[in-house]
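Trainee: I would like a close look at a single chain and how it sits against its partner. Please take me through it in one pass.

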Amino acid sequence: MYNAGKIIIGIVIFVILATFPIWYNHGKAVTLPQLELPKDEKQCVEATDFMKSSHMKMLDEWRDSVVRDGNRVYVNGAGKQYLMSLQVTCMKCHTSREKFCDRCHNYLNVSPGCWDCHIAPDYKVAERSK
Amino acid sequence: MDDNRRRFLKIAGLSILGMGIKPAADALASAEPKMIPSPEALVGKRWAMVVNMKKLREGGTEVMDRLSLACHSTHNVPDMGNPKSDVKWLWQEPYEHAFPGTESEILHKHHEGWASGLKVLVLCNHCDNPPCVRVCPTKATWKRPDGIVMMDYHRCIGCRYCMAACPYGARSLNWQDPRPFIKTELNREYPTRTRGVVEKCTFCFERLAKGLKPACVDAAKNKELVFGDMEDPKSEVRELLKTNFFIRRKPELGTSPQVYYIL
């Protein structure tokens, strides 16, 4: 093998660099996002597990139902009725985008476009650049 | 043998019945979530508006400004301050621009003098045959069964075909983030729009769902604007049109606009 020394050193350097994230973070527990839950409301529109896993699908269905079909009232499995509105219904209990939505979304590195148009409760008018 | 066949048919029939029981019971005891219309919603077959210019003329442009403000503050409509990127829902056009059609040449002669330079309150006409809907490549705009030409901002890709198709200039593109330009108090129950979507008047579909009339009609205390169901012969709009001479904007184009003007 020609230049064995250089090649082996190169391979060693490559392996160290490629596996750097693995051994650098080894043994460290990543802190899970801490969400601020509503204080005076115990039950969301559906069961917590369902909301955790499928709120994005549900919001999509709500959006299509309200905008396309004009059906604005959601009757959940227990027969309780809710107005399907992100700004009015969801954010009435979850009063902070920053302390609820963003914490999880940032952790998972997803950036849904909801707040491009919908107004978050913690959106300050003063934030408007002028 | 006969007895056997008879028994076989009985059992077969019962089994088939039995198979039907489970789906039927499921349907009866269904706890599936449902989506239903709000019970207090105003329901119409063909929504339309009458703009009573006789009354608006008395009030002058201040009244029209007030009606526009009612609309814009309800829907967080920005004031871009630049005619090229203006966002328009309910605005004023000179008479000559609002009614340029050749169909009403005699009318123009009749109206010569007093009508020239008259400001007319204009908005989306919610056409029966809307050209904007025909050209939209994503179905972001469509005609609802009650006649409202709706917008789904989630689906709009900002291609502006609809703006080219609309003969009334009733659609506006957000060339930039509109939020910094909202001069009115923010209505936190209604969203804003974002850069790259087209917006327009929606006949306040969100207020109709709550059982309220459109914001501009509510603000028109003197009945300068009247909203109602064209298909209902007893509706206020139909009564007004029965007893008054009315025109529409560019009817010769065949779009069948549903905003009627009493001059």
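Predicted model: local features only at pLDDT ≥ 70, side-chain atom pairs only at ≥ 80, totals over all residues.

Mentor: Chain A has five helices and two strands, and read from the N terminus its elements follow the order α-α-β-β-α-α-α. The radius of gyration of chain A is 23 Å, well over the 14 Å that the globule rule gives for 130 residues, so the chain is more spread out than a compact globule. The C-alpha trace of chain A spans about 75 × 45 × 35 Å along its principal axes. Of the 130 residues in chain A, 11% are buried. Among contacts in chain A between residues at least 6 apart in sequence, 56% join residues at least 24 apart.

Now the partner. In the contact between the chains, 22 residues of chain A meet 21 residues of chain B. The chain B side of this contact holds ten nonpolar, seven charged and four polar residues.

As for the nonpolar cores, the largest has 53 residues, and Leu90(B) and Leu225(B) touch the most other members. Strand E2 of chain B (residues 47–52) gives the largest share of this core, five residues. A second, separate core has five residues, among them Val45(A), Trp62(A), Tyr74(A) and Met84(A).

Methods. Residues numbered from 1 in each chain as written. Chains lettered and ligands numbered in written order. Contact = placed C-beta atoms within 7 Å. Nonpolar A, V, L, I, M, F, W, Y, C, P; charged D, E, K, R; others polar. Core = buried A, V, L, I, M, F, W, Y, C linked by C-beta atoms within 7 Å. Buried ≥ 20, exposed ≤ 12 C-beta atoms within 10 Å, placed from the backbone. Helix = DSSP H or I, 4+ residues; strand = E, 2+ residues; numbered from the N terminus. Rg over C-alpha atoms; globule rule 2.2 N^0.38 Å.
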